[in-house]
Amino acid sequence: MSRQRRPMRPTMALLRKDLLLERRAPESVPAMVLFSIVTFVLFHFGLGRDTVEGSLAAGVLLVTILFAAILGINRLFVSEEAEGGFDAVLLAPIDRTALFVAKSAALFLFLTLVELVAVPAFAILLLGPSPWSALPGLIVVLALVNGALSVVGALVSALAIRTRSRDLIVPIVALPLLVPALIAAARCCAPLLAVGGADWPAAKWLLVLGLYDLVFGLLAYAVFDFLLED
């Protein structure tokens with residue numbers, strides 16, 4: 001009965017634990033931020049041009065965020081595997097999907113923190129047009145992208161954490177699943193990052209990205225309990 005009255009209590013407790021661990025011993029967020037900035041520097045010199053715009057700018061930004069997210073996904077369930085967290089969730093009288101929701105929320109927050117540094121760095125190092133006019137639309141697109149990365153990342157990380165080749169399995173499984181979201185996000189961002197571009201992304205591609213988040217979120221939520229049992 002108490003579980004029905006407070007369905008979010010286990011989720012918030014697990015989320016709080018992850019945030020406290022990251023605050024006391026920062027690992028994921030600093031690594032993701034450093035990776036993003038180094039990647040932008042490499043693109044700056046590797047492309048042989050001072051600025052990018054439009055589709056190229058969207059591709060550089062989103063691919064960098066995607067691969068930075070892989071670093072966070074790889075470490076998402078490390079504490080549970082090392083300290084018996086999976087067994088504790090299995091034995092506790094709570095809904096086991098609370099762990100999935102907490103991990104997805106934690107990864108979403110980590111990505112948001114990373115983008116607070118990475119997007120300004122991208123604008124300084126590479127972006128030609130000013131991003132200020134398109135900033136509201138860009139925030140919406142990145143929030144939807146973070147949702148896709150979070151739900152898929154939490155599911156794939158739980159699948160791979162008990163294998164020896166975790167660092168290999170995560171990108172192999174996650175990247176193909178995230179391709180539709182990346183395409184839709186690139187179509188949304190391209191007009192926002194063009195010279196004199198739109199102030200808001202096309203509604204069609206925003207809808208595609210939102211539907212991706214909804215469908216994959218529900219699927220991941222539905223199968224996570226069975227995955228945890230295995």
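Which residues do ring pairs link into a cluster? Phe-77, Phe-100 and Phe-224 are linked in this way. Rings of Phe, Tyr and Trp (its six-membered ring) pair if their centres lie within 6.5 Å. The count comes to four aromatic pairs.

The model is predicted, so local features need pLDDT of at least 70 and side-chain atom pairs pLDDT 80 or more, while totals for chains, interfaces and linings use all residues. Residues are numbered from 1 along each chain, and side-chain values use heavy atoms, without hydrogens and water.

Tyr-212 and Phe-216 form a stacked pair (planes under 30 degrees apart; over 60 is edge-to-face and the rest tilted). Their centres are 4.2 Å apart, with 25 degrees between the planes. Both lie in helix α10 (residues 203-229), four residues apart, and are therefore separated by about one helical turn. Helices are DSSP runs (H or I, at least four residues), numbered from the N terminus. Tyr-212 is buried, at 8% relative accessibility. Phe-216 is partly exposed, at 23%. Buried means under 20% relative accessible area, exposed over 50%, and partly exposed in between (1.4 Å probe, protein chains only).

Helix α8 (residues 135-160) packs against helix α4 (residues 54-74) at about 35 degrees, with the axes 10 Å apart. The axes of α8 and helix α9 (residues 166-192) come within 9 Å and cross at roughly 165 degrees. Axes are lines fitted to C-alpha atoms over the stretch in contact, and angles run from 0 to 180 degrees between N-to-C directions. Helices α8 and α9 are therefore roughly antiparallel (angles over 145 degrees; under 35 is roughly parallel, 65 to 115 roughly perpendicular and the rest oblique).

How values were computed
Helices (H or I, at least four residues) and strands (E, at least two) are DSSP runs, numbered from the N terminus.
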